[in-house]
Amino acid sequence: MSTLSRPKSPRTPTSGKNFDKEESFWDKIGTLGRKKRIKEVQEVQQEGKIAIDSPGSPNAPVIPPEDYNLEDNESRSIVQQASLEHPHFRELLQVLIDWINDELVEERIIVTNIEEDLYDGQVLQKLFEKLTGHKLNVAEVTQSAEGQRQKLAVVLNAVNHTLGFHHNIPKWTVESIHTKNTVSILHLLVALVRHFRAPIRLPENVSVTVVLAQKVNGKLTSRFLKEQITEQYDDVGMRCERDAFDTLFDHAPEKLAVVKKSLITFVNKHLNKLNFEAADLGSDFKDGVFLCLLMGLLGGFFVPLHEFHLTPKDTDQMVHNVSFAFELMMDQGLKPKARPEDIVNMDLKSTLRVLYTLFTKYRNIS
């Protein structure tokens with residue numbers, strides 16, 4: 001005859017035999033469940049380890065195990081630790097942080113970490129307003145994630161418009177900034193420095209190695225990408241590529257006059273077909289209208305008038321026109337050696353470079 005065992009609350013008393021069976025059954029189920037969960041975690045971590053530590057990747061990045069837990073078809077990019085610790089990368093971070101703090105000193109804003117301090121749009125809003133002098137119609141403080149994304153959308157829309165991203169796609173999005181993507185934030189800040197000609201010198205040729213991890217059909221794969229953050233710049237953040245025009249401006253003004261005469265003869269030869277004529281290479285191309293019309297004439301295609309402003313009323317419309325003309329040039333296999341803002345700002349050297357690019361390709365067209 002079996003004796004009664006002391007019941008475990010909240011169960012009712014049962015015989016030792018029956019209790020042993022019930023206990024062993026539930027213990028077995030619990031053990032199986034725990035083993036299954038442990039096995040799943042181990043499999044996911046092992047998949048990540050195999051993908052990241054695969055042959056051909058000698059410098060395996062240090063990635064937390066939780067970063068391997070991706071949904072199917074989800075991807076995530078992670079900057080290699082070696083890139084984050086590189087002296088040039090750290091210098092770039094410090095230069096950008098110091099620049100932001102200098103710009104926002106009157107706002108009593110102090111940035112110490114670009115990911116943590118810029119992701120919600122608050123600092124970016126203040127920085128953009130300081131650089132442009134225009135007030136954005138957004139809430140000053142937003143606590144919810146959705147509110148932060150909405151604010152970021154307004155701020156980035158204004159930034160992209162000012163930077164001339166009317167058709168081209170920038171290297172940052174609301175989601176990438178809000179999720180504290182280091183590379184996206186750096187691309188955005190460098191673009192702002194270049195556009196507004198910040199009086200700082202950016203470290204040259206800074207790049208990072210990014211690990212792009214993606215899960216497809218339950219398998220985690222990875223690939224390494226090199227992301228270029230800065231190139232070669234001069235003292236005011238502009239790209240520096242010395243060419244023949246630098247030499248002409250610096251050492252041969254008499255030859256420069258000959259080049260200018262040749263270029264204005266070339267452009268007027270074609271603009272005259274529409275009863276237009278350029279008199280000054282520096283100022284007559286700043287609104288982008290002649291450039292748009294010239295591309296259609298030289299390329300032998302019609303440029304839709306609704307794609308650009310025939311009578312631009314402000315700088316934004318001028319930048320839009322020049323950006324559109326540059327896109328037409330790139331469609332023809334040409335690479336404009338200037339920024340739209342340089343043309344709008346009547347930078348003669350930049351305008352001459354662009355026109356000379358056209359002259360080189362189309363000089364034999366009647």
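These legends walk through a few close-ups of a predicted model. Local features need pLDDT of at least 70 and side-chain atom pairs count only at pLDDT 80 or more, while totals for chains, interfaces and linings use all residues. Residues are numbered from 1 along each chain as its sequence is written, and side-chain values use heavy atoms, with hydrogens and water left out.

**View 1. Helix 11 is mostly covered.** Helices here are DSSP runs (H or I, at least four residues), numbered from the N terminus. Helix 11 spans residues 289-299, and nine of its eleven residues are buried (under 20% relative accessible area, 1.4 Å probe, protein chains only). Among them are Phe290, Cys292 and Met295. What do they pack against? The buried residues of helix 11 meet helix 10, helix 12, helix 13 and helix 14. Just after helix 11 comes Gly300, with a positive phi of about 75°.

**View 2. Phe266 and Phe359 make an edge-to-face aromatic pair.** Rings of Phe, Tyr and Trp (its six-membered ring) pair if their centres lie within 6.5 Å; planes under 30 degrees apart are stacked, over 60 edge-to-face and the rest tilted. This pair sits 5.4 Å centre to centre, with 85° between the planes. Phe266 lies in helix 10 and Phe359 in helix 14, so the pair ties together parts 93 residues apart in sequence.

**View 3. Phe308 and Phe324 are stacked.** Their centres are 6.3 Å apart, with 15° between the planes. Phe308 is in the loop between helix 11 and helix 12, and Phe324 is in helix 12. Phe308 is buried, at 5% relative accessibility, and Phe324 is buried at 7%.

Terms used
Buried < 20%, exposed > 50% of the residue type's maximum accessible area, 1.4 Å probe, protein only. Helix = DSSP H or I, 4+ residues; strand = E, 2+ residues; numbered from the N terminus. Contact = heavy atoms within 4.5 Å.
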